[in-house]
Amino acid sequence: MAKKQKYYVVWEGRKRGVFTDWTDCEAQIKGFPEAKFKSFDTIKEAEEALKENYWAFISPKTAKAPLKEAPAKIGNPNLESIAVDAAWNTATGDVEYQGVYLRTGQKIFHQGPFRDGTNNIGEFLAIVHGLAYLQKHQSNLPIYSDSRTAISWIKRKHANTKLEVTPANKQIFELLQRAEEWLSKNKFTNQILKWETEYWGENPADFGRK
């Protein structure tokens, strides 16, 4: 029996598009950090999927958290938004963060790694970076974060970290100071929303290292 034709969608890789051969698809994703791809049975499904967000096609079986039906008060995420997240290396203490446009999954910024930080600091810096990015582009899009702590720090305009300053993390404390100064000097109307991982799956800006 002939092998059934598959169509491979690459949302994030060396080249974005629909590929009819696995070898061509693999060339776009192999060794590419945070590559996003999925196979489909028909060319129509693949072409339609490419127009949408990668995360809309992750099933409960492949999502990193079990998905539940969201209560009406939570509903579905607003795709016209950006999502931010941080990654903290428990072995080295290095922290980095990034932001993506939710509808397409396109990465719009990435910073780090910075030495000797914490996850909460990374989450806080990610939100402030997102706010500054949106202000620069005169955009009122909301920002999703899965960190309640970082969201609370944004409201206070202060990173209430207990991390001590060391020669290694001088840079990250300089970034914190700049972030707090930005919050004190700038007004913004963008909503800062909680990403509901329990119902929606992993944060689209997640680094995929859990």
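1. Aromatic clusters. Rings of Phe, Tyr and Trp (its six-membered ring) pair if their centres lie within 6.5 Å; planes under 30 degrees apart are stacked, over 60 edge-to-face, and the rest tilted. Tyr-8, Trp-22 and Phe-37 form one such aromatic cluster. By this rule the count comes to 10 aromatic pairs.

2. Basis. This is a predicted model: local features need pLDDT of at least 70, side-chain atom pairs count only at pLDDT 80 or more, and totals for chains, interfaces and linings use all residues. Residues are numbered from 1 along each chain as its sequence is written, and side-chain values use heavy atoms, with hydrogens and water left out.

3. Trp-11 and Phe-40. Their ring centres are 6.4 Å apart and the planes stand at 65°, so the pair is edge-to-face. It links distant parts of the chain: Trp-11 is in strand β1 (residues 7–12) and Phe-40 in strand β3 (residues 36–40), 29 residues apart. Strands (E, at least two residues) and helices (H or I, at least four) are DSSP runs, numbered from the N terminus. Trp-11 is buried at 5% relative accessible area. Phe-40 is buried at 9%. Buried means under 20%, exposed over 50%, partly exposed in between (1.4 Å probe, protein chains only).

4. Charge over a ring. Lys-38 lies over the face of Phe-40, at 5.1 Å from the ring centre. The rule: NZ of Lys or CZ of Arg within 6 Å of the ring centre and within 35 degrees of the ring normal.

5. Nonpolar core. The term covers buried Ala, Val, Leu, Ile, Met, Phe, Trp, Tyr and Cys residues joined through side-chain atoms within 4.5 Å. The largest has 28 residues, of which Phe-124 and Leu-125 touch the most other members. Helix α3 (119–136) is among the elements that each supply at least two residues. α3 gives the most, with eight. Beyond four places in sequence, Leu-125 touches Tyr-97, Ile-172, Leu-175, Leu-176 and Ala-179. Contact means heavy atoms within 4.5 Å.

6. Annotated site. The UniProt annotation "binding site" (unreviewed entry) covers Glu-123 and Asp-146. They span 24 residues in sequence, yet no two of their C-alpha atoms are more than 8.5 Å apart, so they gather at one spot. UniProt positions follow the numbering used here, feature names are shortened, and annotations may be inferred rather than shown by experiment. Glu-123 is in helix α3 and is buried at 2% relative accessible area. Asp-146 is in the loop between β7 (143–145) and α4. Leaving aside neighbours within four places in sequence, the contacts of Asp-146 include Asp-85, Glu-123 and Lys-194.
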